[in-house]
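Let's take a friendly walk through one protein model. Have the sequence and the 3D view ready, and look up each residue as we reach it.

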Amino acid sequence: MRKYSKIIVIIASYAAFALTALNIALRIPAYTNVIMGCFAAAAAVSVAILAFFIINFERERARKERENISRIMQSINAMAILWDADFRYVEVNSCLTNAIGYTSQDLSDIKTLKKVLPSDAFAPSLQAVVNNRDEEFYVTAKGGAKVCTIWNTSIVSVSSDRKRTRYLMLSIGLDLSESIRMKEDLIKYSKELAESETRYSLSMELSEIGLLLKASGSSSYYVSQQLRNMLGINSEYISDGVLRARFHPSDVMTFDALGGAMVNCAAQDAQDEESARTVHCTEFRLLSADNTYHWYQFRYKINPAETKLLADIGGAILDITQNKEKDSLIEKMAYIDDVTQIYNRNKFMQIGQETFECSRDSGITYWVIVLDIDNFHIINDTCGYTNGNKLLNEFGKVVQDSLTSGGFGARIGGDNFALLIRDIGDESLPVNIIRTIQDKFKTMCADNFSSQGMTCSAGYCKMSDGGEDFAKVLDHAEFSLSMSDGTKNDIIRYDNAVHDKIIKSAAIENELVKAIENHELVLYYQPKIHLGNGTLIGMEALIRWVRPDGTVVPPSEFIPVAESSLLITKISDFVLYEACRQNKAWQDMGLPPITVSINLTAVDFYQTDVKESIIKALDATGLDPQWLDVELTESLALKDIDHAIQQMQEIRDLGVKLSMDDFGTGYSSLSYIQVLPITLLKLDRSFIMYLEEDEISREIVSAVIRIAKSKKIETIAEGIETIGQADILKEAGCDHAQGYFYGKPMPKDKFEEFMQMKARESASVNA
Ligand code: C2E
Ligand code: MG
Ligand code: MG
């Protein structure tokens, strides 16, 4: 206020002085001077008041401006110093204080600030500021650490008073430590990258791997140096069209598929990471530097484009020509049959399995035909191995020529060939093809092997007829072929039921072997009765298989299996011995002696020395031959009549009885009865069953009995179940009877009781 009063006094003094001077000059009266002095004083006060307001306003504006600058300073993410030229005013922001560890109070002290900033930073010339030059220098943090910074200073406020113009300058600084580190890293990485690129190109060159890349949306491929060498091209980029033209005509589709794959991939969801990760692999031939087609393997990835335009595609490309050549040689060695030059069993199985799987999905089915050259061994034996091979070779050609479209032929082993034929809905197709092969084979043989009259047989099946894989289907066709009974040019279609039966037989056979070892086979006995007086005259030993769980398997289920596997001879030996032993045992017990009958089969009769076996059994058990009876079937006896007569006679000569079993079921030639040395004729149950109601049966039975009697052959009727049947047979003159009416086959204990009961019965009748 003192300052302002001073100004007013000065202004008033000047005004008074001016007025006095004016008065003197103009000789103005004194009262006028007073009035004018008053005006002058009032004007001076007004000016002083105005000056006061102007100065205050100016100060306020400067304060607000500084506040604003401070706020901005504090809010920016960079170091900032607000200062005036002579550092009488310094303000720093928190970014700077945080970076260097001093408080803003510390830094407002010029001494501290001088420690922080380098000395040359204290002389930022106005010119540098005006030139907007960046100053780069280190600032020293509290602990002494140097922080590299870059500063830019601008004038943010200008004010002036009577003495001078004052500037406020704002320096904004950035910490360069991070970017310096990045720069150093960058130099390091660039160096490493350069080294790695050198290593990479070297490895690409050494491993002969080329690169083929295509950017999304581009119409050309990038071709790496190595690939350029491989293809003999100079340009780093090759257009779609030029690359396509280099593809082998048969592989152009592969090239188009690559393009298609890119489009598809682009169409997929961009988030489909799975597809982006997948490495695809394809093979194709490309025209190469030496102007020939080479095989290449392309392992590539497609990166789905987010834009759903074409995707990036790229991968490694490798010349695999040599491997391909090796593969085809290996394939030839592994899959081509040496003798016929057609595919072998391995290939047939491979193609067959693939076809089988396709067939399951597509519903298209196939025929599988297996062929066997009838009596091929004769060619080998008589014409030599070379001619045998020649025949196989010719046959292979016939097989190949007979294939229909989509068919496949192979030599699957020895003289066996196989065909895979597409089913076109014609059930006669396989037979027609087989017949064609047979006809051609005959003609062909007429030229080279005319004396042999070669034929071939076939088995076939339809793929859809069953089997869990192709091996099973082929098994079926081979099985049907094995069903051929040796007939020439036989053709047999697979029959599931027959196959099942055979499989079941095989299972039974296995079990039977164990059953024999485990003594699970036992004999049951069925009584034979004298029709005239009802006495027990004999028993038939009938085999049973008693499983460990007690179930009894009837002979009809295992005797035929045993016959085909020759196990029957073991069984027959057992039956023969056991029947003789048991009969002798009962005789030794004092029971009335009776005959025991055993059943023998054609295998026993034709393939073993029956007489020897009988002698052994009788010797071993001590049974008198007259108490043993051997039952043979009519068909067995007629198989080789001369041999049969001789064998039967030898048995008879031992004193053993001979019965003809199941008479009436086979050829039933009564004339044979006259020549066969039998003692008993067993009328089959099939005659007996209808005796009561069927007149013809009665007449046949009577005639047979009559004829037998005339030949001094006794008769016995099998399967008598009623008294009516027994009466008719008795009437007809039949000697003996066997059937449920008299007693079912019984285990030995039961039969022993039966014998005792019968013995008591006879004793009481005789008494
Ligand atoms: P087979 O020699 O003709 O034996 C008679 C079969 O007729 C027996 O059947 C017997 O149980 C059955 N049978 C007897 N009377 C009647 C009857 O009144 N009604 C009915 N429905 N059936 C009656 P099994 O024991 O099942 O034997 C069947 C065939 O098995 C035998 O016929 C024989 O060919 C064969 N067999 C049985 N045991 C042996 C054996 O030890 N060795 C051989 N090789 N074959 C045997
Ligand atoms: Mg019998
Ligand atoms: Mg019988």
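K528, E540, D629, E631, K682 and E718 are joined in a network of salt bridges. A salt bridge here is a side-chain nitrogen of Lys or Arg within 4 Å of a carboxyl oxygen of Asp or Glu. Side chains of opposite charge can pair when their charged atoms come close.

Before going on, a word about what you are looking at: this is a predicted model, in which local features need pLDDT of at least 70, side-chain atom pairs count only at pLDDT 80 or more, and totals for chains, interfaces and linings use all residues. Residues are numbered from 1 along each chain as its sequence is written, chains are lettered from A and ligands numbered from 1 in the order in which they are written, and side-chain values use heavy atoms, with hydrogens and water left out.

**The two magnesium ions**

Which residues hold the magnesium ion (ligand 2)? Its donors are E540 (OE), N599 (OD1), E631 (OE) and D661 (OD), at 2.0 to 2.2 Å. Donors are N, O and S atoms within 2.8 Å of the metal (3.2 Å for Na, K and Ca); water is not among the atoms, so sites may look incomplete. Along the sequence, the donor residues of ligand 2 follow the spacing E-x58-N-x31-E-x29-D. E540 sits in strand β19 (residues 536–546) and E631 in strand β22 (residues 628–633), so this pair ties together parts that are 91 residues apart in sequence. Helices (H or I, at least four residues) and strands (E, at least two) are DSSP runs, numbered from the N terminus. E540 and E631 are both buried. Buried means under 20% relative accessible area, exposed means over 50%, and partly exposed is in between (1.4 Å probe, protein chains only).

The magnesium ion (ligand 3) is coordinated by D661 (OD), D662 (OD) and two OE atoms listed for E718, at 2.0 to 2.5 Å. The spacing of its donor residues in sequence is D-D-x55-E. What do the two ions share? D661 coordinates both ligand 2 and ligand 3, which are 4.0 Å apart. D661 is buried, with a relative accessible area of 6%, whereas D662 is partly exposed at 24%.

A search of the whole structure finds 28 salt bridges. Here are three of them.

| Pair | Closest N and O atoms |
|---|---|
| D337 and R411 | 3.1 Å |
| R685 and E721 | 3.8 Å |

D337 lies in the loop between α12 and β12 (343–344), while R411 lies in strand β14 (residues 408–413), 74 residues apart. D337 is buried, with a relative accessible area of 12%, and R411 is buried too, at 15%.

D588 and K584 both belong to helix α20 (residues 568–588), where they are four residues apart, about one turn of the helix. Is D588 buried or exposed? At 56% relative accessibility, D588 counts as exposed.

R685, in helix α26 (residues 685–688), pairs with E721, in the loop between β25 (714–717) and α28 (723–732), 36 residues away. R685 is partly exposed at 38% relative accessibility, and E721 is partly exposed at 40%.

**Two helices that cross**

Two packed helices are described by the angle between their axes and the distance between the axes. Helix α12 (residues 321–335) packs with helix α13 (residues 345–362) at an angle of about 100 degrees, their axes being 7 Å apart. That makes α12 roughly perpendicular to α13. Axes are lines fitted to C-alpha atoms, for helices over the stretch in contact, and angles run from 0 to 180 degrees between N-to-C directions; under 35 degrees counts as roughly parallel, over 145 as roughly antiparallel, 65 to 115 as roughly perpendicular and the rest as oblique. E331, A334 and Y335 of α12 meet N346, K347 and Q350 of α13 (contact means heavy atoms within 4.5 Å).

**Two residues with positive phi**

N375 has a positive phi of about 50 degrees although it is not a glycine. N375 is in the loop between β13 (366–373) and α14 (376–383). H519 is not a glycine either, yet has a positive phi of about 55 degrees. H519 is exposed, with a relative accessible area of 68%.
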